[in-house]
Amino acid sequence: MGSGWSAKAVEMDDGVKVFWSGHLTKGHADRRHAWLHEYSEAQLAIKASMPPFNNANKMDVPAFVEQFNVPTFGPNIANSVMRIFSTEAILRVAKQLGVVIPTYVLSTFVQDKMVKVHDMIRYARQTAAIADKNAGAIDQLERFVQAFKALDGKSVPDVASWQAFVLEHVPAGWESRLHFDHLLENFGFAKEASDELRAAQFVKEDGETVTFE
């Protein structure tokens, strides 16, 4: 919808259940009310995907809406979706319709973003409170970034080779530590250092001031 959100309503035996997913933007409430005009929202069972990113505009969320802030990113979700495409029924229908099943590929878009990580590494090395106790973690992160930037599609043609590459740099279980709260712990950063780095600000080439997070 134009207001930048999506919702799904399902009528069950115990009433109408609604799920919100997307950004809260101006006009969100008007569009919801127009769509669910025959219902009073306060009487519905409404659940919403509401990490901070989805409400960057700091809009009011009705008290009767049950909010959830859970990770919706990372390889575990992507792998679950890809497993659906690998089922016999889906493959059969795709062949009948001439639809190409997506495959895993290395993201050059993410590789190009590694310059931002180098900015953070420089900040960490120049900040004594971080560098003194996290020197090994900083080195480990830098080794990973340099190795990742050097990869090409032939280096990691499938999930198994990608997993093997990542495990050369971080401990097993990294897939469940991708939230900002825990991401740098994969490389050995202490929580205090990780929190400070996330909140630290730097000025981009275009003059904009942003946090490393």
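The chain has a mean pLDDT of 88, with 92% of its residues at 70 or more. Keep in mind that this is a predicted model.

**Confidence along the chain**
- Helix α6 (residues 128-149) has the highest confidence, at a mean of 96.
- Strand β1 (residues 5-12) sits at the other end, with the lowest mean, 56.
- Where pLDDT is low, the predicted coordinates should not be read in detail.

- Within helix α5 (residues 114-126), D119 and R122 are three residues apart, which means about one helical turn lies between them.
- D119 and R122 form a salt bridge, and their closest N and O atoms are 2.3 Å apart.
- Both partners are partly exposed: D119 has 22% relative accessibility, and R122 has 45%.
- R125 and D139 also form a salt bridge, with 3.1 Å between the closest N and O atoms.
- Because R125 belongs to helix α5 and D139 to helix α6, this pair ties together parts that are 14 residues apart in sequence.
- D139 is partly exposed at 31% relative accessible area, and R125 is partly exposed at 38%.

- K191 pairs with D195 in a salt bridge whose closest N and O atoms are 2.8 Å apart.
- These two are four residues apart in helix α8 (residues 191-199), so about one helical turn separates K191 from D195.
- K191 is partly exposed, at 48%, and D195 is partly exposed too, at 27%.
- K191 and D195 belong to a network of salt bridges that also links D181, R198 and E213.

How values were computed:
Residues numbered from 1 in each chain as written. Predicted model: local features only at pLDDT ≥ 70, side-chain atom pairs only at ≥ 80, totals over all residues. Heavy atoms only, no water. pLDDT = per-residue confidence, 0-100. Salt bridge = Lys/Arg side-chain N within 4 Å of Asp/Glu carboxyl O. Buried < 20%, exposed > 50% of the residue type's maximum accessible area, 1.4 Å probe, protein only.
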